[in-house]
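Subject: Structure handover and notes

Dear colleague,

Here is the structure I said I would pass on. Please open it alongside the notes, which are meant to be read with the model in view.

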Amino acid sequence: MEKKYHIVTYGCQMNVHESEKIAGILFKMGYRETKETEDADIIVFNTCCIRENAENHAFGNIGALKKLKKRKPDLIVAVGGCMTQEKGKTEVLKRKFPFIDIMFGTLNLEELQELIELKQREKKRVVRIREKEGEIVEGDEPLRTSYPNAWVNIMYGCNNFCSYCIVPYVRGRERSRKPENILAEVKKLVAEGYKEITLLGQNVDSYGSDGSTGMTFAELLDSVASVEGNFRLRFMTSHPKDFNEEVVKVMAKHRKICRLVHLPVQSGSDKILKAMNRRYTCGQYLEEVKLLRSYFPEAELTTDIIVGFPGETEEDYLATEKLVREANFASAFTFVYSPRTGTKAASMPDQIPESVQKDRIMRLVELVNSLTRKKSEKYLGKTVEILCEDYDEKKGLYLGRDEFGRMGYFKSETNRIGDFVNLKITQANGISLFGETAEKENKEI
Ligand code: 5AD
Ligand code: SF4
């Protein structure tokens, strides 16, 4: 009988893509996907540790497997991702969940096959976490799950050490993939019919900054956008201290590149930005917003914001609200500050009480939603091009996104997944748009 795998993913896009790589390894070993944990022969948890609730979530789900594992002793339970990479965490996991069979980290994901075989051969728990990042391993084929969208790593790790963030500790120092490998991957994806490529890195602007690639991010973006074919190009994540006009100029050169930039601001208070070690001021941030909009008045920005960072006063919080209005974000990921052991901010004085944090996040979410809603209304009656990416069973509608990431729903008798579709917007409902397909379709970008 066919062997089955089930992967549970927590966290960001980087993790979602890494789960595709894990799936690729398991597929090559003969496993096929199952959506049911009950049917699985191997269950892999790809964890995240960026905030405490992501960790708690994983702890809960792993714990819930205890019974199944008792019933199916041959089931392999593997835990990987950022959490196992955290100092001391494998010990905690071993203690809490003695039934875990395999632990691996973000820095040795490519060893998974070897670890599974080792476990099967020796019949005992295998824990292998790499302490330090090694050379980038090329050649593993991810099993992509998001057609027509595809993610392509351009770099790994982070050197920034924002004072709240655990990423540099669990993903190691920055290293960039060779441009020829990135280009080959993009060309292959386009040839296979993928219509939206997102270049991924914790801080894409520092691509090649160690001199190892002979190219800056702007130059890489230029060459990727020059690949022939009908596809959209996005990149994520930019850092305000590094985002620059060279990148904007490349955007202007290629209509393929979406006029949407994800530029995490984190706070609207210079005092807090300094304590966060972000190395820019609100003034500098807003200059970048201005720069982008001077090239593309229609450009949209999305962002990440943390509230309740140590020392954040009501005045600092209100400064964040002010910046959010000024930057006029299309949407924002908003987070309550979560202390992470080992980071600088975790030991800062003046940690903010939970009740204050909760109050601030609620107000901020309301503000961000109101901006998003206002932007939605502007869509009414307009025709936008969306890339159809899925079918919503419940709604009985196809859905996709426009260049600015706005979700649009429509009815169709035929399968439109993977098509660029022009939608005349008839209804704008908070964050979602509804429309009718308009004449011109499959427009070339
Ligand atoms: N607490 C809350 N949010 C955090 N982020 C990173 N670390 C933390 C933390 N300790 C947020 C930042 C980052 C996003 C990916 O997660 O806003 O941009
Ligand atoms: Fe974390 Fe800052 Fe690196 Fe982003 S840039 S991963 S927030 S340390």
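Below is what was found, taken one region at a time.

The model is predicted: local features need pLDDT of at least 70 and side-chain atom pairs count only at pLDDT 80 or more, while totals for chains, interfaces and linings use all residues. Residues are numbered from 1 along each chain as its sequence is written, chains are lettered from A and ligands numbered from 1 in the order in which they are written, and side-chain values use heavy atoms, with hydrogens and water left out.

A word on names: helices (H or I, at least four residues) and strands (E, at least two) are DSSP runs, numbered from the N terminus. Two strands pair if DSSP finds at least two bridges between them.

The sheet E7-E10-E11

Three strands make up an open sheet with parallel pairing, in the order E7-E10-E11. Strand E7 (149-153) and strand E11 (232-236) are at the edges with a single partner strand each, so one side of each has no neighbour in the sheet. From one strand to the next the twist averages 25 degrees; axes are lines fitted to C-alpha atoms, for helices over the stretch in contact, and angles run from 0 to 180 degrees between N-to-C directions. E7 and strand E10 (residues 196-200) run parallel and are joined by five bridges. Within E10, Ile197 is the residue opposite Ala150. Helix H1 (residues 13-28) lies across E7, E10 and E11, at about 95 degrees to E7.

Two cis peptide bonds can be found around this sheet. One joins Tyr147 and Pro148, with omega about 5 degrees; Pro148 sits in the loop between strand E6 (126-128) and E7. Another joins Met236 and Thr237, with omega about 10 degrees, and Thr237 belongs to the loop between E11 and H10.

Glu141 is also in the loop between E6 and E7. Apart from neighbours within four places in sequence, Glu141 is in contact (heavy atoms within 4.5 Å) with Gly24 and Lys188. Glu141 and Ile76 are 65 residues apart in sequence, and their C-alpha atoms are 22 Å apart in space.

Ligand 2

Which residues surround ligand 2? They are Cys158, Asn160, Phe161, Cys162, Tyr164, Cys165, Val167, Pro168, Gln202, His239 and Arg278, a residue being near a molecule if one of its heavy atoms lies within 4 Å of it. By class, this shell has seven nonpolar, three polar and one charged. Here Ala, Val, Leu, Ile, Met, Phe, Trp, Tyr, Cys and Pro count as nonpolar, Asp, Glu, Lys and Arg as charged, and the others, Gly among them, as polar.

The sheet E12-E13-E14

A sheet of three strands, open and with parallel pairing, has the order E12-E13-E14. Strand E12 (260-262) and strand E14 (331-336) are its edge strands, each pairing on one side only. The twist averages 15 degrees from one strand to the next. Three bridges pair E12 with strand E13 (residues 300-307) in the parallel sense, and Leu260 faces Glu300 in E13. H12 lies across E12 and E13, at about 165 degrees to E13. Helix H14 (residues 354-379) lies across E13 and E14, at about 175 degrees to E14.

Helix pairs

Helix H10 (residues 245-253) packs with helix H12 (residues 282-295) at an angle of about 20 degrees, the axes being 10 Å apart. H10 and H12 are therefore roughly parallel to each other; angles under 35 degrees count as roughly parallel, over 145 as roughly antiparallel, 65 to 115 as roughly perpendicular and the rest as oblique. On the H10 side, Glu245, Val248, Lys249, Met251 and Ala252 meet Leu291, Leu292 and Tyr295 in H12. The residues of this contact are six nonpolar, no polar and two charged.

For helix H13 (residues 314-327) and H14, the axes come within 10 Å and cross at roughly 10 degrees, which makes H13 roughly parallel to H14. Residues of H13 in this contact include Tyr317, Leu318 and Val324, and those of H14 include Leu364, Leu367 and Leu371. The contact of H13 with H14 has seven nonpolar, one polar and five charged residues.

One backbone detail remains. Asn277 is not a glycine but has a positive phi of about 60 degrees; Asn277 lies in the loop between helix H11 (270-275) and H12.

Regards
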